[in-house]
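Biologist: I have a model open and would like to learn how to read it. Can we go through it feature by feature?

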Amino acid sequence: MSPQPTFQLKNSISTQMLKRVFGIYFVIALIVTVVHMVAEYYNTQATILKELEVLTKTFEPGLATSLWDQYLDPLQSTTGGLLTLPSVVGIRVVDDQNQEVATAGILPESDLAGSGGLFGITSPLRHTYKGKEREVGKIMLYSSSQIVFQRVQLGFGLILVNAIIKTIALWIIFLWVGTRLLANPLSRLIAVARRVKLHELENLRVDTGTPYNNELKVLEETFNLMIRDLHDEISEHRQAQLQLEASQAELLEYKDHLEELVEARTKELQQSNDQLQLEIDERKLTETKLRNTQDQLIQSSKLASLGEMSTGIAHEINQPLQVISINAENLIDDFEEDLYDQAVPMLENIIKHVDRASKITNHLRTFGRDARRSRGQTEAINNLIEETFILMNAQLMKQHITVKKELGERLPMVPCHRIQIEQVFTNLLTNSKDALEEIEGDKIITVRSLQEGDWIVVEVEDNGPGIPKEVLPNIFDPFFTTKPVGKGTGLGLSISYGIIGDHHGQLNVISESGKGACFRVCLPLEENEEGIVLPHGEEL
């Protein structure tokens, strides 16, 4: 066991504190005592000066009369009598010419008091003659520091005795209080600390006997808390050691069967890996089926749109065919009548309408193709809008809908799937057409194209009844429609939303009930090797 640390009494906290406190107290007491003695000295000196002033007032009439009448013997006798007083050590009387006429006792070398330890006062001597007061001379009374010290000897002694008694009493009181409040509690704490043993901590507590909630009380509580925490830590350490021993035993047991465990675990991992690969393959197959289904759904939506446009297409084709027929008949007649010059414009008109019919049928055939064939192309957005109107004009004119085109000039080419984007525009124009079907008055669809930063924006706006607020959150959901039964499949906007999403673009709607609706198609201008991406690396 290590030796217990010890300390000497002279090195204790109470002794060191007592030395420092009383060292400071001694200096302060000494300064206060000296100041008190100096004050007592000057106070006694002031008292003596007041006594001298009273003496001058008392003897002034007699001295002034003797000096006026030039009775020097009585004057000398009076000064001698004043010298016998305890507070007077010297007297000087001068006339109005400042000439000495009487002196006695100890005098300073000059008229100024304070030399040689002397101090005093000077008072004028005034004599009244025929009702007029005249100054006939001056009297100087002197006293000395020796007389002051004689008077304050007793006071100085009492001051010193008082300071010594207070110092001794304070020393004793501080020693007793320091021992009771500091030394004894610390001794108890040291005694308990020396008895601390790791296997006997459970019931070990320290009591300093301090009745106050001070630093020693906090130290006592902290010490007891430290012992309790140490006991808990030792208990936890023992518990952890027991667990470690159990784990080591279990580890030794596992060590004997490690190869079997590794083989079993490897087999489990292989089964999990096979299951995961199977799930991956199933997911890829599902994604392929989903993509094929989506492509088929888009194709079905196109066919549905073609069915709705069949009436308008028939009208567009029949009209030019009728013109061809009529002009052909007229041409035969003209040739019979040898009107060759009139036949030329008719032939040109025939060619014009035949081209028109060919253009409609060719675009219809192109629109019905699989969209995957045109992937990765760049297109002029205004051309796509105009080609969409080739198929939609007849239906719009049938409902007397006015179309306003506000197409931007010199817009950049857009990387997109031509057929898919035409499908989006067709769906949006069809929705606007259906929304205007039941309203009265002017029916207007406005189509705009513009560039906003790195985006090409196309807006399709109508002045129809608008979309109710409660419907807006579901407007792009599959099979959701506000049209009557038989009028729509609920897939047009959903398919359009998916197409724009595949282009990494945005399809939004702005609408209020009764104020029409505006659909905004936003397509990015940039495309990398992996496909179209948002500007500046943003994600959809």
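Biologist: In which helix does Q45 lie?

Modeller: Some ground rules come with the answer. This is a predicted model, where local features need pLDDT of at least 70 and side-chain atom pairs count only at pLDDT 80 or more, while totals for chains, interfaces and linings use all residues. Residues are numbered from 1 along each chain as its sequence is written, and side-chain values use heavy atoms, with hydrogens and water left out. Helices (H or I, at least four residues) and strands (E, at least two) are DSSP runs, numbered from the N terminus. Q45 lies in helix α1, residues 13-69.

Biologist: Is Q45 buried or exposed?

Modeller: Buried means under 20% relative accessible area, exposed means over 50%, and partly exposed is in between (1.4 Å probe, protein chains only). Q45 has 16% relative accessibility, so Q45 counts as buried.

Biologist: Which residues is Q45 in contact with, leaving aside neighbours within four places in sequence?

Modeller: Contact means heavy atoms within 4.5 Å. By that test, and with those neighbours left aside, Q45 touches F119 and V148.

Biologist: Which residues of α2 are buried?

Modeller: L75, T79 and L82 are. They cover an arc of only 60° around the axis, so they sit on the same side of α2. That arc is taken from the directions from the helix axis to the C-beta atoms. On the other side of α2, D73 and S77 are exposed.

Biologist: Which strands does α2 lie across?

Modeller: α2 lies across β1, β2 and β4, and runs at about 25° to β2. Axes are lines fitted to C-alpha atoms, for helices over the stretch in contact, and angles run from 0 to 180 degrees between N-to-C directions.

Biologist: What is the strand order in the open sheet of 4 strands?

Modeller: Two strands pair if DSSP finds at least two bridges between them. The order is β2-β1-β4-β3, with antiparallel pairing. β2 (100-105) and β3 (118-129) are the edge strands, each pairing on one side only. Inside the sheet, 6 bridges join β1 (residues 90-95) to β4 (residues 132-144). R92 stands opposite M140 in β4.

Biologist: Which face of β10 is covered?

Modeller: In a regular strand the side chains alternate between the two faces of the sheet. The covered face of β10 holds L507, V509 and S511, and the uncovered one holds Q506, N508 and I510. β10 pairs with β11 in the antiparallel sense over 6 bridges, and V509 stands opposite F519 in β11. In this hairpin, with 5 residues between the strands, G514 takes a positive phi near 90°.

Biologist: How many residues does the largest nonpolar core have?

Modeller: A nonpolar core is a set of buried Ala, Val, Leu, Ile, Met, Phe, Trp, Tyr and Cys residues joined through side-chain atoms within 4.5 Å. The largest has 36 residues, and those with the most contacts inside it include I381, F425 and F519. Its largest share, 6 residues, comes from α7. A second, separate core of 30 residues includes I48, L52, F119 and I159.

Biologist: How many residues of α8 are buried?

Modeller: 15 of its 18, so I would call α8 mostly covered.
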